[in-house]
Amino acid sequence: MRLFLLAVLFSCSCARAGCEPKIVNIGAVLSQKRYEQVFKDAVTQANQVYGRDKFKLTAISVTHKPNAIQMALSVCEDLISSQVYAILVSHPPQSNDHLTPTPVSYTAGFYRIPVVGLTTRMSIYSDKSIHLSFLRTVPPYSHQAHVWFDLMREFNWNHIILIVSDDHEGRAAQKRLETLLEERETKAEKVLQFSQETNLTALLLEAKELEARVIILSASEEDAAAVYKAARFLNMTGSGYVWLVGEREMSGKALSEAPDGLIGLQLINGKNESAHINDAVAVVAQSIQELFEKENITEPPRGCVGNTNIWKTGPLFKRVLMSSKYPEGLTGRVEFNDDGDRKYAHYSILNYQKSRLIQVGIYNGTQVVMNNQRKIIWPGGETEKPQGFQMSTRLKIVTIHQEPFVYVKPTMPDGTCKEEMTLNGVLIKKVICTGPNETIPGRPIVPQCCYGFCIDLLIKLAMTMNFTYEVHLVADGKFGTQERVNNSNKKEWNGMMGELLGGLADMIVAPLTINNERAQYIEFSKPFKYQGLTILVKKYTGLVHAAVPKHAVAAGAPRSFSARILGMVWAGFAMIIVASYTANLAAFLVLDRPEERITGINDPRLRNPSDKFIYATVKQSSVDIYFRRQVELSTMYRHMEKHNYESAAEAIQAVRDNKLHAFIWDSAVLEFEASQKCDLVTTGELFFRSGFGIGMRKDSPWKQNVSLAILSSHENGFMEDLDKTWVRYQECDSRSNAPATLTFENMAGVFMLVAGGIAAGIFLIFIEIAYKRHKDARRKQMQLAFAAVNVWRKNLQDRKSGRAEPDPKKKASFRSISTTLASSIKRRRSSKDTQYPPTDITGQLNLSDPSVSTVV
């Protein structure tokens, strides 16, 4: 009941007030007064279609002012003060005054009032960090790249040179076209930027040296005219050349200098301001109708003075405008992209013939449609479509140091290469190749000598296909893989792949593995060598026999100290020899033998990685890519990623130095290394079988001839001869395959111990002899002393007992003993010998001595 009463009251109030629709003001900044009436008529027409009873559009318009300050004041005083919901702005009448829409965009954008451009095509207005609320019913000039790209596909042109002015417009066109080319997995052969200070003649001479003959130009009228003059002077506007340009490059001053046969573009209805006013008003009215269906719609700001608040509904209204679709516009289907630029614009494709522009096709917003009734006259008056390239007979070859395919040696002081012979007595063919010298700090680019399998192949191809070449080594030393640019999602190729795709090289002649990732971007020849992946390890040999000393040891322990020392040393020697034999036998036969016998890629030590067994490959190589792509090898890849090396040479040396247990690489290289270095061996069966091929760009005119030449070389035996010359699988010395024995070097420490023991024993023997002599002399002295004492004692006893004088002979003997004893004592005092005289076991004189017994 309450709802019914409210409805009755509302109907009554509407009847009294007339229920008039809401007034919505739409502003416009137009190029001339005469378009103001067009604007009003468009608003009137929109009111008949949209809004009806909800809103009514009102047109408020001004014309362009002579400077930016007056224009900004007019926008504030005449438009924003009237609370406009949107502002339409056309390009000023002067074609070179592209700054005039800027004050409108800045002023309205500050309050978030949407601005709809009508004929403004400069690419700077696509930058939403500057022009916050700007969108337009025309595309920017840079969008002409879509038409150029489609024309390339239409005429099957793959070689292009892009010449752009070094300003915002030129860079925008370059970025747009390069993005499209990336989707096609190709690149411009060369991008040449120029400014007011650039020598255009020198710039175009650089372009003339390239294979491409399709030139795309993005520049202002004045700059384009200067480029045409320089091109005419260098005969670059004649037969074989193609010039693709946009609208600016074939209007005004530029057209007066344009060469015959030029292909240009013109936006259909691009300068039809009346049509764009009608379409813009229709889109705004349609969007306002959708906006009013939403809730919480606020009023636009009123004036600029003292007002710094943005229109809260402004960003929402802009999103509604950008998502709107108006398929029945006078200028065609009206839609906007994420930058607010017009999508699906239509272009006329024009051909400059005898100072006239002839329409030869259209671009309908999605594809090029050529008019077969009108023939294109190409530069030089040609009626047949140019190929778009000229086969250069001077090719830039990139290669990489990888023995035995490419050896790199320094040149002689006079800049030439040293003459050398192969094992077969054939003179080695060497070429000068420029590249970084790894042996000098800073890696300067210097001339060096290159030779090997691939260099001989290059010389053969050049003779067969009649081209000349200049060889250089890849700057970063890599084969080529994709890597992210500045941590973004964009990826670029490095190494030889990057130089080929970047135009720094025309051909890769190196042991480059053919794989799917690379084949998506470049063209490979037929393989010149088939191979696979294998595993390189250090050769370990087990202990099979060793000599064990078997000497009989006499029973009984030695009594002298030196003999005991020698006995202990000999016993230790025997014990160590036996222990060493047992330990080495166990270590070599039980532990080390399996290390050299890896069964292949499915070996448990590879499938279940650990820090005790380290294996790796080369960073950013085809092998690295292979393990990264294989899901079942992901565990192995994570282990290898931490240990991968920069080059194959470094990894091979690491295996020899026991820093790396296994190295996974191309079988052709590893088998060669194992044949030259007998401490290395390849093990396991080949896996990931592939081949080495010569790399060229997708659009290379040489690709078919190179493949045919390689097939012919296989058939006539030339490739087999290269294998015999360079990939020499020599058998190592048979002794390297014999069982190992414990050598003197292994047991040197033990023998040094024995030698030291013998030396110590001899030294002790001399000490014992000297000591024995000293002991004997003391003993004799003591014996004489005791003999003298006994005689003296006996004489005393005889005197006491009343005996007669002793016999004179005995007296003489006593004197002799006393004299000898006194002289002995004197010598001892002079030598300051303080030791006690040695005695026998009882401490008494040894009377058994003959000298003593004689005295007694």
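Because the model is predicted, local features are reported at pLDDT of at least 70 and side-chain atom pairs count only at pLDDT 80 or more, whereas totals for chains, interfaces and linings use all residues. Residues are numbered from 1 along each chain as its sequence is written, and side-chain values use heavy atoms, with hydrogens and water left out.

The protein chain has 25 helices and 30 strands, where helices (H or I, at least four residues) and strands (E, at least two) are DSSP runs numbered from the N terminus. Of the 856 residues in the protein chain, 46% are buried, a term that stands for under 20% relative accessible area, with exposed meaning over 50% and partly exposed the range in between (1.4 Å probe, protein chains only). If a contact is taken as heavy atoms within 4.5 Å, then among the contacts in the protein chain with a separation of 6 or more, 72% are between residues 24 or more positions apart.

Two packed helices are described by the angle between their axes and the distance between the axes. Here the axes are lines fitted to C-alpha atoms, for helices over the stretch in contact, and the angles run from 0 to 180 degrees between N-to-C directions. On the α2 side the contact is made by Y35, V38, F39, A42, V43, Q45 and A46, and on the α10 side by E273, S274, I277, N278, V281 and A285. These residues divide into nine nonpolar, three polar and one charged, with Ala, Val, Leu, Ile, Met, Phe, Trp, Tyr, Cys and Pro counted as nonpolar, Asp, Glu, Lys and Arg as charged, and the others, Gly among them, as polar.

A second pair is formed by helix α5 (residues 144-155) and helix α6 (residues 168-183), whose axes come within 9 Å and cross at roughly 40°. The two helices α5 and α6 are therefore oblique to each other, since angles under 35 degrees count as roughly parallel, over 145 as roughly antiparallel, 65 to 115 as roughly perpendicular and the rest as oblique. The crossing of α5 with α6 is right-handed, and in it A145, H146, F149 and M152 of α5 meet A173, R176, L177, L180 and L181 of α6. By class, this contact has seven nonpolar, one polar and one charged residues.

Turning to the loops, Q83 lies between α3 (68-79) and β3 (84-89) and has a positive phi of about 55° although it is not a glycine; Q83 is buried, with a relative accessible area of 17%. N235, in the loop between α8 (221-233) and β9 (242-245), also is not a glycine and has a positive phi of about 60°, but N235 is exposed, at a relative accessible area of 59%.

H131 sits in the loop between β4 (115-117) and β5 (134-136) and is buried, with a relative accessible area of 2%. Leaving aside neighbours within four places in sequence, H131 is in contact with T102, S105, Y106, I124 and Y125. Finally, a cis peptide bond with omega of about 5° joins E403 and P404, and P404 lies in the loop between β16 (394-399) and β17 (407-410).

Definitions and conventions: Left-handed = near helix turned anticlockwise from the far one by under 90°.
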